[in-house]
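Visitor: I'd like to learn how to read a protein model. Could you take me through a couple of features, one at a time?

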Amino acid sequence: MASERPILLVEDNPDDEALTLRAFSKNDIPNPVIVARDGVEALDYLFGTGTHEKRDMSIMPAVVLLDLKLPRIDGLEVLKRIRAHERTALLPVVVLTTSKEQQDILEAYRLGANSYIRKPVDFERFIQAVGQLGVYWLSLNEPSDPIASLPD
């Protein structure tokens, strides 16, 4: 069930992190949220390396919410690595960022983003956007099972 799978929020800005978590709460999104504060942490979580080397790799995120402007490894590079690996290639990745640069939008889609959403500045609009994300990615979307598709 999608509500049992975590959401991976990749966000380095503490204010945006708090805003996103509050929006999840206001929209009654029950999924646990794993927060990665840079690209390295996100990749460590997804691939079970570094501080996440002992995590249960059979539980993958229902969706990855990915900021682009991240320290250490930027969001576009994280997206490229997600799509390059068989275990994570089919994970839904929604770019959730403040960037409205056309080049960022084009590159995100070229690298395989499922969606590109600019963070609204207005909190009420942001709550609404997160609610729509939750309804679509956690309720309506039929997820693939990347673990089941791996060869034995």
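Predicted model: local features only at pLDDT ≥ 70, side-chain atom pairs only at ≥ 80, totals over all residues.

Guide: Let's begin with a pair of helices. Two packed helices are described by the distance between their axes and the angle between them. Here, the axes of H2 (residues 39-47) and H3 (residues 75-84) come within 9 Å and cross at roughly 15 degrees.

Visitor: Is H2 roughly parallel or roughly antiparallel to H3, and why?

Guide: Angles under 35 degrees count as roughly parallel, so with a crossing at roughly 15 degrees, H2 is roughly parallel to H3. As for handedness, the crossing of H2 with H3 is right-handed.

Visitor: Which residues make the contact between H2 and H3?

Guide: On the H2 side, look for Gly39, Ala42, Leu43, Leu46 and Phe47. H3 brings Val78, Arg81 and Ile82. Sorted by class, the residues of this contact are six nonpolar, one polar and one charged.

Visitor: Okay, next topic: how do I look for empty space?

Guide: Rolling a probe the size of a water molecule over the atoms shows where empty space is left. In this model, a search of the whole structure turns up one cavity of 30 Å³ or more. The largest cavity holds about 40 Å³ of space.

Visitor: Which residues line the largest cavity?

Guide: Its lining is Ile7, Phe24, Val63, Leu65, Val130, Leu133, Gly134, Trp137 and Leu138. Strand S3 (63-66) and helix H5 (123-140) each supply at least two of the lining residues.

Visitor: Where does the largest share of that lining come from?

Guide: From H5, with five residues. By class, the lining of the largest cavity has eight nonpolar residues, one polar and no charged ones.

Technical notes:
Residues numbered from 1 in each chain as written. Heavy atoms only, no water. Axes fitted to C-alpha atoms, helices over the stretch in contact; angles between N-to-C directions. Helix = DSSP H or I, 4+ residues; strand = E, 2+ residues; numbered from the N terminus. Parallel < 35°, antiparallel > 145°, perpendicular 65-115°, else oblique. Left-handed = near helix turned anticlockwise from the far one by under 90°. Contact = heavy atoms within 4.5 Å. Nonpolar A, V, L, I, M, F, W, Y, C, P; charged D, E, K, R; others polar. 1 Å grid on protein atoms, 1.4 Å probe; cavity = no way out; pocket = protein on both sides within 12 Å on 5 of 7 lines; lining within 4 Å. Points joined across faces, edges and corners; volume = space filled by probe spheres on them.
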